[in-house]
Amino acid sequence: MDMSRVAGHLIRRLHQQSVQVFQTHTQAAGFELTSVQFAALNTIAEQPDIDQASLSTAISFDRATIGGVIERLERKELIRRVVCTEDRRARRLRLTPQGEALLAACRPVIDALQADILGPLSPAERDVFLQLASKALRLDG
């Protein structure tokens, strides 16, 4: 079997490349942040007061393990959990000023590393790739 024609294998390899590029660039810029933590921070910034379950759905991360991500972000004082007034069992998530500052500082790095993830592709090919990946994930509406 030619593994260069197996979608799952190629997606796994591309994921590995993406994680490696993300870590290399963010660490070089002095940020101690994983790609999942960035996705969580970015989503919380876009949807202030999102609850934990909705966050896990929004970033397509397992509900059982999102709690650890939230705890680490809270320990780093990047987010805070606020008790929901409608349901005291629920917690709403908000960025702290430190979280807002980190997100603003690291966004240019994250933007810049996107080209490296798909390095061999031309800008037009990257656009096509992103359209096709969104379609495969049913994100294209």
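Buried means under 20% relative accessible area, exposed means over 50%, and partly exposed lies in between, with a 1.4 Å probe and protein chains only. Keep those cut-offs at hand for every stop below.

The model is predicted: local features need pLDDT of at least 70, side-chain atom pairs count only at pLDDT 80 or more, and totals for chains, interfaces and linings use all residues. Numbering runs from 1 along each chain as its sequence is written, and side-chain values use heavy atoms, leaving out hydrogens and water.

**Stop 1: the core**

Select L41, L55, L73 and I79. These residues have the most contacts inside the largest nonpolar core, which has 27 residues. A nonpolar core here is a set of buried Ala, Val, Leu, Ile, Met, Phe, Trp, Tyr and Cys residues joined through side-chain atoms within 4.5 Å. Now colour helix 1 (7–28), helix 2 (35–46), helix 4 (63–75), strand 3 (91–95) and helix 5 (97–117): each supplies at least two residues of this core. Helix 5 gives the most, with 7 residues. Helices (H or I, at least four residues) and strands (E, at least two) are DSSP runs, numbered from the N terminus.

Stay on L55. Show its contacts, meaning heavy atoms within 4.5 Å. Leaving aside residues up to four places away in sequence, L55 touches A40, T43, I44, I50, I66, I70 and L93.

**Stop 2: helix 2**

Select helix 2. Its 12 residues reach 16 Å from first C-alpha to last, close to the 16 Å expected at 1.5 Å a residue. The expected span is 1.5 Å times one less than the number of residues. Which residues of helix 2 are buried? They are Q37, F38, A40, L41, N42, T43 and I44.

**Stop 3: the aromatic pair**

The structure holds 1 aromatic pair. F22 and F38 form it, tilted, at 6.4 Å centre to centre and 50° between the planes. F22 lies in helix 1 and F38 in helix 2, so the pair ties together parts that are 16 residues apart in sequence. Rings of Phe, Tyr and Trp (its six-membered ring) pair if their centres lie within 6.5 Å; planes under 30 degrees apart count as stacked, over 60 as edge-to-face and the rest as tilted. F22 is buried at 6% relative accessible area. F38 is buried too, at 13%.

**Stop 4: salt bridges**

A salt bridge is a side-chain nitrogen of Lys or Arg within 4 Å of a carboxyl oxygen of Asp or Glu. By this rule there are 3.

- Select R94 and D49: their closest N and O atoms are 2.3 Å apart. R94 lies in strand 3 and D49 in the loop between helix 2 and strand 1 (50–51), so the pair ties together parts 45 residues apart in sequence. R94 is partly exposed at 30%, and D49 is partly exposed at 28%.
- Select D51 and R92: the closest N and O atoms are 3.5 Å apart. D51 lies in strand 1 and R92 in strand 3, so parts 41 residues apart in sequence are tied together. R92 is partly exposed, at 23%.
- Select R81 and E74: their side chains meet at 3.0 Å, N to O. R81 is partly exposed at 28%, and E74 is partly exposed at 31%.

**Stop 5**

Select S18, in helix 1. S18 is partly exposed at 24% relative accessibility.

Finish on helix 6 (residues 123–136). At 1.5 Å a residue its 14 residues should span 20 Å, and the end C-alpha atoms are 20 Å apart, which agrees. Just after helix 6, select R138, which takes a positive phi of about 60°.
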